[in-house]
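Me: Please take a close look at a single part of this chain. Then connect that part to its surroundings, in short steps.

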Amino acid sequence: MDSKYLGGLVSRITKGAKVVIVSNREPCLHERDVDGIRIVRPASGMVAALEPIVRATGGTWVAHGSGSADRLVTDEKGRISLPPEDPRYTLRRVWLTKKEEDGYYYSLSNQALWPLCHIVYTRPRFSRTDWETYKNVNRRFCDTVLEEVEGGPAIVFIQDYHLALLPRMLRNERPDLMLIHFWHIPWPNREAFRIFPWGEELLDGLLGNDIMGFHIQYHCNNFMGTVDRAIEAKVDYEHFRIFRGGRPTHIRAFPISVDYHQIGKDVASQPVDERHASFIKELGEGILATKIYVGADRIDYTKGIPERMKGFDLMLKDHPELKGKVTLLQLAAPSRTHIEEYRNINDELDDLVDEINWRHQTEDWTPIRFLRAHHDYHAVLASYRMADVLMVTSLHDGMNLVAKEFLSARSDNDGVLLLSRYTGAARELPDALQVNPYDIDELADAMYEAFVMPEQQRHKRMKRMRSQVQKHTVYDWGAKIFEELEDILPVKEVA
Ligand code: F6P
């Protein structure tokens with residue numbers, strides 16, 4: 001399945017209806033800098049997955065315009081054609097005030113729903129004012145989507161937990177719209193969800209959808225159980241659908257993926273060679289004489305970055321003979337830094353890097369190289385190329401696309417993937433070294449196992465994992481969602 005095939009399939013299924021994607025995060029930000037305006041691709045698995053899909057299907061992507069120069073490059077409605085060099089779709093930006101961004105994005109979405117859904121022992125915070133702002137912003141998105149569909153038939157494909165009320169709002173205004181929602185983070189069990197103070201309203205919002213998608217069946221089961229307990233609705237476990245007000249919402253698992261072939265091509269490109277060279281310049285040639293353990297994450301308390309560092313530290317304590325022979329290279333993109341827990345984890349990481357390096361370093365070797373910055377796509381690919389071991393140690397993660405990107409990038413069939421059991425990706429990748437990231441001893445052992453793994457075994461595992469990702473790319477993900485729509489809701493021909 002490739003981009004062209006998906007484009008054809010979607011236009012056969014949608015029969016001329018407009019396709020509108022809606023998300024909080026936009027596919028690219030325009031940022032002001034000293035040389036003018038720079039385009040930044042955000043560190044987001046959701047964007048990495050959706051962008052190739054929208055290029056294939058065309059249509060309009062509605063998202064929050066959060067770049068400092070976003071307004072300078074759009075028309076008076078907030079529209080811009082993308083990508084600039086070869087326009088395939090329209091981005092329609094929604095403008096939010098600081099107050100709205102604070103209540104809806106930083107607070108309700110990322111201090112209430114984010115910790116609630118991930119269950120990583122970070123307390124969610126609830127505030128009625130934030131809930132009101134969240135509702136108002138969802139309403140703003142609703143108005144924008146309605147404007148974009150211009151009264152005609154449309155398929156609206158909503159992303160994530162920032163927009164849980166949008167489906168019901170759209171459904172009330174336009175019962176004929178086809179609504180799909182994909183939840184990119186885990187859905188918690190019903191006991192965890194029941195502390196959310198506005199649970200009924202939120203679930204009612206989501207049950208405005210025709211299809212509600214999650215990464216794995218377990219999250220679908222949790223969602224069904226949550227609805228069953230919290231709200232009046234007919235929960236049909238046999239067909240995995242929920243009737244609310246007579247209309248069904250179909251609950252389905254669609255494991256998201258990456259553009260395997262494109263990544264395979266890009267990793268061998270000149271920009272990646274350049275980023276590779278600048279890493280070596282920055283880190284010193286000496287790093288190449290060590291086995292490189294790479295991590296590439298947003299700085300987020302769900303990603304298990306401190307645990308990874310502690311595991312590395314323990315491996316060096318248990319196996320002092322590895323000193324000078326291994327390096328942990330951590331690419332760390334700052335994220336949501338207005339939130340206290342995110343500032344705390346930044347401080348914790350600084351302390352840990354300091355302490356571990358102080359403990360083990362020698363005159364010509366530093367165990368942890370911590371690069372806190374937004375690294376672009378090509379730099380991240382360069383880091384995958386350098387990795388002897390790629391570490392994904394999330395405490396909980398819907399899918400985790402870093403793992404799948406790494407596999408797509410390794411056409412040499414080498415490299416070890418160390419993967420948290422609590423990622424959606426772990427279900428598809430039994431050949432990874434799977435770990436419980438809360439267990440530092442287990443982490444250290446797995447890191448050591450990666451160090452001593454024989455070449456033949458590395459190749460065997462890598463080949464099998466690559467073949468899994470090759471067979472299930474992001475285009476297959478998109479196709480399955482649209483085929484599901486075709487099955488449950490035949491789309492009428494646009495006259
Ligand atoms: O997948 C979860 C998600 O919140 C996406 O919606 C988002 O784009 C990504 O993680 C990164 O987070 P943020 O958009 O808050 O920077």
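Reply: T57 lies in helix 2, which covers residues 45–57. The model is predicted, and the values here are computed from it. Is T57 buried or exposed? Its relative accessibility is 19%. Buried means under 20%, so T57 counts as buried. What does T57 touch, leaving aside residues up to four places away in sequence? The answer is V10 and V19.

Follow V10 next. V10 belongs to helix 1 and takes part in the contact with helix 17. Helix 1 covers residues 3–14, and helix 17 covers residues 474–488. Their axes come within 10 Å and cross at roughly 15°. Angles under 35 degrees count as roughly parallel, and helix 1 and helix 17 are therefore roughly parallel to each other. The crossing of helix 1 past helix 17 is left-handed. Which residues make this contact? On the helix 1 side they are S3, L6, L9, V10, R12, I13 and T14. On the helix 17 side they are Y475, G478, A479, F482, E483 and E486. By class, the residues of this contact are 7 nonpolar, 3 polar and 3 charged.

Now look at another helix pair. Helix 11 spans residues 305–318, and helix 12 spans residues 340–360. They pack at an angle of about 10°, and their axes are 10 Å apart. Helix 11 and helix 12 are therefore roughly parallel to each other. From helix 11, the contact uses I305, P306, M309, K310, D313, L316 and K317. From helix 12, it uses I345, E348, L349, L352, V353, I356, R359 and H360. This contact has 9 nonpolar, 1 polar and 5 charged residues.

Step back to the whole chain. It has 17 helices and 18 strands. Its radius of gyration is 23 Å, close to the 23 Å that the globule rule gives for 495 residues, so the chain is as compact as a globular protein of that length. The C-alpha atoms fill a box of roughly 70 × 50 × 45 Å along the principal axes. How much of the chain is buried? Buried residues make up 61% of the 495 residues, and T57 counts as buried too. Finally, take the contacts between residues at least 6 apart in sequence. Of these, 75% join residues at least 24 apart.

Note on methods: Residues numbered from 1 in each chain as written. Predicted model: local features only at pLDDT ≥ 70, side-chain atom pairs only at ≥ 80, totals over all residues. Heavy atoms only, no water. Axes fitted to C-alpha atoms, helices over the stretch in contact; angles between N-to-C directions. Helix = DSSP H or I, 4+ residues; strand = E, 2+ residues; numbered from the N terminus. Parallel < 35°, antiparallel > 145°, perpendicular 65-115°, else oblique. Left-handed = near helix turned anticlockwise from the far one by under 90°. Contact = heavy atoms within 4.5 Å. Nonpolar A, V, L, I, M, F, W, Y, C, P; charged D, E, K, R; others polar. Rg over C-alpha atoms; globule rule 2.2 N^0.38 Å. Buried < 20%, exposed > 50% of the residue type's maximum accessible area, 1.4 Å probe, protein only.
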